[in-house]
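These are my notebook entries on one protein chain. I record what I looked up, entry by entry.

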Amino acid sequence: MSKNIDVVLNEEIDFPEIRYVGDDGEQYGLISSDEALKIAESKGLDLVLIAPDAKPPVCKIMDYGKFRYQQEKRQKEAKKKQKQIEIKEIKLSVKIAINDINYKVKHAKEFLKENKHVRFRVFLRGREVSEPQVGFEVLNKVAAMLEDVANIDRDYKIEGRYVNMLVTPKK
């Protein structure tokens, strides 16, 4: 049975007196940790420290292996239900022709129909880095073409030699 490092079980519990919670969830009061361990062993279960900071510490009798299995199962279920957002990236340049923009916007619309987010990146070469407004102009053209099908993040971000814009599908 694999143990978590932060979980204290059975003989590792070394408090003179603990608050004892049974496997049925009922509180039985204060007893010594040795006595609680004997009760747990007689039932074939584990004594698990639940609240070490409480006065006195709280221990529960349970089947720790079964508890860990159910916990891992719940985590896997929660992970399955998570929605992964996929971001597609489309690269543009400052000197791109309008028909090339139309072609890339057509692809972006296909991605948006599939409920994917699209990041447009305008690469700035040489002296273009000193004037990122030219990148903003290209992204404004793209934004105008996508307004009917997408929510457009107008807060353009400059990251190194790129000017970025994120586009998400409309609900």
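**Entry 1: glutamate 159**

I first asked: what is the relative accessible area of glutamate 159, and how is the residue classed? I found that glutamate 159 is partly exposed, at a relative accessible area of 42%. I noted the scale: buried means under 20% relative accessible area, exposed means over 50%, and partly exposed lies in between, with a 1.4 Å probe and protein chains only.

Before going on, I recorded that this is a predicted model, in which local features need pLDDT of at least 70 and side-chain atom pairs count only at pLDDT 80 or more, while totals for chains, interfaces and linings use all residues. Residues are numbered from 1 along each chain as its sequence is written, and side-chain values use heavy atoms, with hydrogens and water left out.

I placed glutamate 159 in strand S8, residues 157–159. Helices (H or I, at least four residues) and strands (E, at least two) are DSSP runs, numbered from the N terminus. I then looked for the contacts of glutamate 159, where contact means heavy atoms within 4.5 Å. Leaving aside neighbours within four places in sequence, glutamate 159 is in contact with Arg121 and Asn164. I also took a distance to proline 52: glutamate 159 and proline 52 are 107 residues apart in sequence, and their C-alpha atoms are 48 Å apart in space.

**Entry 2: asparagine 164**

Is asparagine 164 buried or exposed? It counts as buried, at 7% relative accessibility. Its side chain makes a polar contact of 3.0 Å with the side chain of glutamate 159. A polar contact is a pair of N or O atoms within 3.5 Å; within protein, one must be able to donate a hydrogen and the other to accept it, and residues adjacent in sequence count only if both atoms are side-chain atoms. Not counting residues up to four places away in sequence, I listed what asparagine 164 touches: Arg119, Phe120, Arg121, Leu139, Tyr156, Lys157 and Glu159.

**Entry 3: histidine 117 and asparagine 115**

I turned to strand S6 (117–123), where histidine 117 has its place. Histidine 117 is buried, with a relative accessible area of 17%. Beyond its neighbours within four places in sequence, its contacts include Ile85, Ile87, Leu166 and Val167.

Asparagine 115 lies in the loop between helix H3 (98–113) and strand S6. I noted that its phi is near 65°, a positive value in a residue other than glycine. Asparagine 115 is partly exposed, with a relative accessible area of 48%.

Why is strand S4 described as largely enclosed by the rest of the structure? Four of the five residues of S4 (residues 58–62) are buried, so the strand is largely enclosed.

I then looked up its pairing, where two strands pair if DSSP finds at least two bridges between them. Strand S1 (residues 17–21) pairs with S4 in the parallel sense over three bridges; arginine 19 has valine 58 in S4 as its bridge partner. Strand S3 (residues 46–51) runs antiparallel to S4, and five bridges join them. Here leucine 47 stands opposite isoleucine 61 in S4.

S3 and S4 form a hairpin with six residues between them. Proline 56 lies in that loop between S3 and S4, and a cis peptide bond, with omega about -15°, joins lysine 55 to proline 56.

**Entry 4: the chain as a whole**

I counted four helices and nine strands in the protein chain. From the N terminus on, the elements run β-β-α-β-β-α-β-α-β-α-β-β-β. The radius of gyration of the chain is 30 Å, well over the 16 Å that the globule rule gives for 171 residues, so the chain is more spread out than a compact globule. This radius is taken over C-alpha atoms, and the globule rule is 2.2 Å times the number of residues to the power 0.38. Along its principal axes the C-alpha trace spans about 80 × 35 × 25 Å. Of the 171 residues, 34% count as buried.
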